Amino acid sequence: MSPTQTKHSRMVRRVARLLEDKLGGEALTELAIITEDGVKVPDVAWCSEAFLAQYWSDVALQKAPEICVEVVSPSNSEAELRNKTAQYLNLGAAEVWLVAEDGVVEIHSQAGPRDDSVFGFNPAAEL
């Protein structure tokens, strides 16, 4: 695993803070999720208090938190990002965000791509 670049690390922190400011709960970084395609680790995973109460002691989750975020790096392929998106949604995530280092956000939900979050705000406007 290569070290994280400064821009990437800063965006991860900004996304985590935005999620906690807007939604409460807890935004966790580098949370292990067991998928059909092996263990995946989103850059940020937002968990409601209810989710945390149920899964707080799991070493690796077998259910995805409500929002899984991948901050897109130059090393990420399109196929890898689409696979992770599908895996998180299949495990129950309400949304998967693909966030570019410049703040452009793609939001994917169970119903397909969205312009804003089902949680009532537009993350791209906030980042």
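Which residues are exposed on the other side of α1? They are Thr 6, Arg 10 and Asp 21, where exposed means over 50% relative accessible area, buried under 20% and partly exposed in between (1.4 Å probe, protein chains only). This is a predicted model, in which local features need pLDDT of at least 70 and side-chain atom pairs count only at pLDDT 80 or more, while totals for chains, interfaces and linings use all residues. Residues are numbered from 1 along each chain as its sequence is written, and side-chain values use heavy atoms, with hydrogens and water left out.

**Helix α1**

- Helices (H or I, at least four residues) and strands (E, at least two) are DSSP runs, numbered from the N terminus.
- His 8, Met 11, Val 12, Val 15, Ala 16, Leu 18 and Leu 19 are the buried residues of α1.
- Seen down the helix axis, these buried residues fall within an arc of 160°, so they line one face of α1; the arc is that of the directions from the axis to the C-beta atoms.
- Their cover includes β1 (26–29), β4 (44–47), β5 (67–71), β6 (95–99) and α4 (123–126).

**Nonpolar cores**

- A nonpolar core is a set of buried Ala, Val, Leu, Ile, Met, Phe, Trp, Tyr and Cys residues joined through side-chain atoms within 4.5 Å.
- The largest such core has 18 residues, and those touching the most other members are Val 15, Leu 19, Val 44, Val 69, Trp 97, Val 99 and Leu 127.
- Two or more residues each come from α1, β4, β5, β6 and β7 (105–109), and α1 gives the most, with six.
- Beyond its neighbours within four places in sequence, Val 44 has contacts (heavy atoms within 4.5 Å) that include Val 12, Leu 19, Ala 27 and Ile 67.

**Aromatic pairs**

- Rings of Phe, Tyr and Trp (its six-membered ring) pair if their centres lie within 6.5 Å, with planes under 30 degrees apart counted as stacked, over 60 as edge-to-face and the rest as tilted; there are three aromatic pairs.
- Trp 46 and Phe 119 have ring centres 5.6 Å apart and planes at 70°, so this pair is edge-to-face.
- Trp 46 is buried at 5% relative accessibility, whereas Phe 119 is partly exposed at 29%.
- Trp 97 and Phe 121 have ring centres 6.0 Å apart and planes at 75°, so they too are edge-to-face.
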